Every structure is written in structure tokens, then in C-alpha cells.
Amino acid sequence: MEKILVAGATGTTGKKVVQLLKDSEHYQPVAMIRKADQKQQFESDKIETVMGDLSQDVSATTKGIDKVIFAAGSGGKDVVNVDQEGAKRLIDASKKEHIKKFVMLSSMGADNPQGELKEYLDAKQNADQYLDISGLTFTIVRPGSLTNDEGLGKIKLQKKLNEQGEIPRWDVARTLVKSLDTEVAKNQAFEILKGEQQIEEAVQAFQI
């Protein structure tokens, strides 16, 4: 069982990632938490936790970890310090521990930031670029607008979709977990929306 550190484990998408990892045969989740009182919700589920605040030093969080999923976000409140610099801090910590793969939850539009979300997309772009040159094996997942609809287990996936749209958080979480496979979309970024192709098939078939 590989140990997977989940940054953003208390968030709406991160919680789903943790649950999928817990239910999997190959992975064991380690939830990164900022406050001691967040520990209970995971430990009652027998899920390991580690203390780490992305706005500060997180170098101790990757010890004993095999792979990382970054699903954290400040919700627009502190995009530079959390979404951008927090991601960079965790990438640096992952390099130090020779993490086998880093899966980044990014956003559609991060390759060309503009519009009303430009500040957020700039932060995501900077984090993505930092990961790209880090030397780590990585996959960057860029979903459209996230919804709380029931996941269907099916997506549309391309390097660039050239369309706007939505995708349920459950299907984003499933895509992140499927992307943990070291050989899947290795050192690549792709966009996803809700679609007709089974997630595992779409991720496995992705080629540049």
C-alpha cells in the first residue's frame, strides 16, 4: 500500500479524494490538516493525519510518503500564499523526500489566465510551472467548473478541450486518484469536463 499525502483533505474535493483512497486496494491516505481539532473527523475513520499549514513550513509533512495529491485551495481568500506559494512549498518538501509522483489539482484556464478569475488562474499557472520544472514525476489535472452533482464516473479528457463546462467534484476526485499511477499522463497536463468516457479508460488512454 502506497501512502498518499492529501493536501486540502478537509476541503470539498479533498474529502472525496481521501474517501476514494481509503476504499482503494492500493493506497493509504494521509490527510494534511491545519488544526488539531480537524484530526477527529479522520481518526474516527481510521485515517492517518499529519499537521501542516501550506502558508508556512510544510517540510515535515512528506516524511514516509510515497505520492502526493495537491487538492488544496484558499477559496479565493489567499491565492498567492496558499494556491501558489503553498503548492511550491509542498513541491519542495516532496523533492526533498524523493516523492514518486505529485498530482496537482489545477484549473481549466491556468494555461492562459484571463477574465475575472485572472488572479486565481495566475497563481495556479505559477504553481503548475514550478511543478513542471521541479524534476518530480507529475500529472496536472485541469477541470472545468466544479459542481456538487452526483459523479457519473465518466469524463471528457484532452490536453486542451477548447470549450467551457462543468464536472462533478466526485469525478475530479476519481481522476486525481487514477492519475497516481506513475505511468499515467507522466509529466503532462490535461483538461477534463463531464463526458461519456469511463474515467479509468480516459486517463489510461491519454497520450500527447
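Start by selecting aspartate 122 and lysine 118 in this predicted model: their side chains meet in a salt bridge, 2.9 Å from N to O. Both residues belong to helix 4 (residues 118-132) and sit 4 residues apart, about one turn of the helix. Colour them by accessibility and you will find aspartate 122 partly exposed at 24%, with lysine 118 also partly exposed, at 39%.

Next, move to helix 5 (residues 169-178), where 7 of the 10 residues are buried, so the helix is largely enclosed by the rest of the structure. Pick out aspartate 171 and arginine 174, whose closest N and O atoms are 2.8 Å apart in a salt bridge. They are 3 residues apart in helix 5, again about one turn. Aspartate 171 is buried, with a relative accessible area of 0%, whereas arginine 174 is partly exposed at 29%.

Select glutamate 48 and lysine 3, which form a salt bridge with closest N and O atoms 3.0 Å apart. Glutamate 48 lies in strand 3 and lysine 3 in strand 1 (residues 2-7), 45 residues apart.

Stay in strand 3 (residues 48-51) and click on threonine 49. Threonine 49 counts as buried, at 15% relative accessibility. Show its contacts beyond four places in sequence: Val30, Ala31, Ile33, Lys39, Phe42 and Glu43.

For a last stop, select Glu2, Asp66, Lys67 and Lys100 together, and you have a network of linked salt bridges.

Conventions
Residues numbered from 1 in each chain as written. Predicted model: local features only at pLDDT ≥ 70, side-chain atom pairs only at ≥ 80, totals over all residues. Heavy atoms only, no water. Buried < 20%, exposed > 50% of the residue type's maximum accessible area, 1.4 Å probe, protein only. Helix = DSSP H or I, 4+ residues; strand = E, 2+ residues; numbered from the N terminus. Contact = heavy atoms within 4.5 Å. Salt bridge = Lys/Arg side-chain N within 4 Å of Asp/Glu carboxyl O.
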